[in-house]
Amino acid sequence: MPAAPPAEAVAPLMRGIAVLRALGDAGGRMDLSDLVRATGLARSTADRVAATLACMGYVRLRGHEVRLAPRLMELGNAYLAALSLPGRLGPLAERLADELDESVSLAVPDRDGIRFVHQTTRRRAMSLTFRIGDLLPYEHTAAGAVFAAGWTGDAWAARSGNSPRGEDGPRGDDGGRVGEPADEEAFRLRAAHSREAGWAVDDQLIEPGLVAVAVPVHEPGGAVVCAVSVVSHTSRHTADSLGRAVLPALRETVAAMEEELRRDRPATGEHAPNGLAHWTTASKQELGAEFVESLARGLTVITAFGEGRPELPLAAVAEATGLARATARRALITLEHLGYVASGDRVFRLTPLVLSLGCPALARTTLPDIAVPPMAELVRRVHDSASLAVLDGDDIRYTARVATERIMSVNITIGTRFPAYAASMGRVLLAGLPAGEREACLARTELRPLTSHTVTDPARLLDLLGRVRDEGFALVDEELEEGLRSLAVPVRDHTGRTVAALNVAMHTARRTTDECLAEVLPPLRATAAAIESDLHIAGRFARVPEV
């Protein structure tokens with residue numbers, strides 16, 4: 001039985017986390033009535049929790065449906081940034097994946113299983129990948145045997161029901177058993193082999209056809225901080241052949257990782273949560289009657305941690321969030337009771353369980369997933385269709401679209417391609433390339449006049465692209481098609497690289513060019529900024545696919 005919450009626990013925070021966990025377990029979306037059944041909350045309570053989370057940007061409400069939103073990933077990002085391993089070791093894992101042409105994962109121990117904190121995958125028809133935040137049982141993974149190699153008798157006794165807390169075996173996120181007694185002896189043998197050999201293997205224990213080899217990574221003090229796994233499929237390797245093929249490069253990479261962990265890192269200057277501190281100071285009148293302040297403030301506490309801030313005393317948490325010490329303390333007590341925070345020596349730290357708050361469900365969020373809701377709001381505001389496109393060779397390819405309802409409207413479908421030089425989104429995307437790449441693209445492209453207005457002179461196009469880069473938008477008037485006017489702006493990732501373009505397109509009779517700049521450009525830029533905000537959160541520790 002779970003322990004009773006302490007007297008100082010914040011009940012609304014516990015309810016909010018229960019809602020987030022239920023949504024995560026359901027794949028990221030639920031009907032409100034199903035959410036009520038899953039959490040046991042009263043319908044009015046579930047409505048207020050959902051409204052609060054929606055106000056924070058953590059969920060989106062569509063009728064009676066509740067969906068997790070990409071912004072929720074900032075909670076998991078706080079843990080990953082505080083952990084520092086994905087940022088420091090991730091590039092080495094990516095290099096290893098490129099060298100071996102296999103998927104590579106980083107995992108850490110979390111209670112009774114392993115939880116993934118970094119993933120570098122290979123794009124194949126038969127793709128093998130886990131999601132950041134996924135929890136798997138120790139006994140069915142190569143990484144689990146690596147961690148168990150260092151267990152003491154007490155750790156093994158806890159698994160067999162002799163834990164001081166009276167637990168009856170390993171449990172997953174939902175409280176269910178993740179292993180069976182029959183697996184235990186085989187797992188002990190695999191852990192003993194890992195202790196002697198320095199590596200472990202998963203021969204189709206998690207899933208038929210999946211094989212993996214894992215090696216521990218040690219911190220300077222000698223403790224194992226994570227495990228690096230190379231994952232393949234039996235169509236490519238047996239467990240034995242995978243070990244022979246990858247262990248030399250894997251061990252070399254682990255040595256480089258351990259060398260990286262011995263280096264001192266300069267302070268980054270990251271000190272405070274980004275944006276959520278608003279909920280700590282806003283008035284009830286500003287937030288509305290349905291807003292549950294104690295829930296928002298409790299979740300804000302998680303964002304106090306981050307890069308350079310892995311452990312914080314109470315005073316630092318209160319300062320970072322703008323909360324009163326008493327409020328921060330109650331939130332920390334609640335989060336510790338639920339397992340999201342651990343404490344010791346008068347400091348607090350996040351646990352890997354924080355990743356269970358939506359990260360697995362949101363880990364495969366695509367750029368169109370992020371873009372469509374803000375685009376829909378843009379269309380409602382300007383009453384013209386909006387589209388998102390990426391550069392595909394020398395063309396643009398439409399990846400998301402929200403159409404307006406008109407008798408005469410721009411009719412384009414997902415996947416449509418146009419030559420980049422003649423389209424507003426194409427010019428934004430070309431302008432985002434280094435100068436040499438822009439010139440090379442135009443040099444190899446047949447610059448055909450698509451209408452009588454199409455600019456086809458390479459020198460003039462380069463000049464136009466320079467202006468687009470400087471001004472941050474492109475206005476193309478009847479160059480792609482007679483009667484079509486289009487205005488586009490860039491969408492940039494957290495590194496500042498242009499990854500997509502967003503546009504509003506209309507018939508020339510709808511607005512003059514001056515009216516486009518006055519009426520459409522400001523909300524278009526605001527929409528791009530909203531997309532970028534969520535993209536930066538979703539893409540901080542994971543690659544966000546463009547489609």
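**Close-up 1. Buried residues of helix H1 in the predicted model.** Leu 13, Gly 16, Ile 17, Val 19, Leu 20, Arg 21, Ala 22 and Leu 23 are the buried residues of H1. The helix covers residues 11-25, 15 residues in total. From first C-alpha to last, H1 reaches 21 Å, close to the 21 Å expected at 1.5 Å a residue. Gly 27 follows H1 and has a positive phi, near 90°.

**Close-up 2. Crossing of helices H17 and H19.** The axes of H17 (residues 424-431) and H19 (residues 458-471) come within 8 Å and cross at roughly 80°. Because angles of 65 to 115 degrees count as roughly perpendicular, the two helices are described as roughly perpendicular to each other. H17 contributes Arg 427, Val 428, Leu 430 and Ala 431 to the contact, and H19 contributes Leu 461, Leu 464, Leu 465, Val 468 and Arg 469. Seven of these contact residues are nonpolar, none is polar and two are charged.

**Close-up 3. Aromatic cluster of Tyr 138, Trp 151, Trp 156 and Phe 187.** Ring pairs link these four residues; the whole structure has five aromatic pairs. The ring centres of Trp 151 and Trp 156 are 4.9 Å apart with planes at 65°, so this pair is edge-to-face. Trp 151 is partly exposed, at 21% relative accessible area, whereas Trp 156 is buried, at 10%.

**Close-up 4. The pair of Trp 151 and Phe 187.** This pair is edge-to-face, with 6.0 Å from centre to centre and 80° between the planes. Trp 151 lies in the loop between helix H6 (142-148) and helix H7 (153-162), and Phe 187 lies in helix H8 (residues 181-197), 36 residues apart. Phe 187 is buried, with a relative accessible area of 1%.

Conventions:
Residues numbered from 1 in each chain as written. Predicted model: local features only at pLDDT ≥ 70, side-chain atom pairs only at ≥ 80, totals over all residues. Heavy atoms only, no water. Helix = DSSP H or I, 4+ residues; strand = E, 2+ residues; numbered from the N terminus. Expected span 1.5 Å × (residues − 1). Buried < 20%, exposed > 50% of the residue type's maximum accessible area, 1.4 Å probe, protein only. Axes fitted to C-alpha atoms, helices over the stretch in contact; angles between N-to-C directions. Parallel < 35°, antiparallel > 145°, perpendicular 65-115°, else oblique. Contact = heavy atoms within 4.5 Å. Nonpolar A, V, L, I, M, F, W, Y, C, P; charged D, E, K, R; others polar. Phe/Tyr/Trp six-rings, centres within 6.5 Å; stacked < 30°, edge-to-face > 60°.
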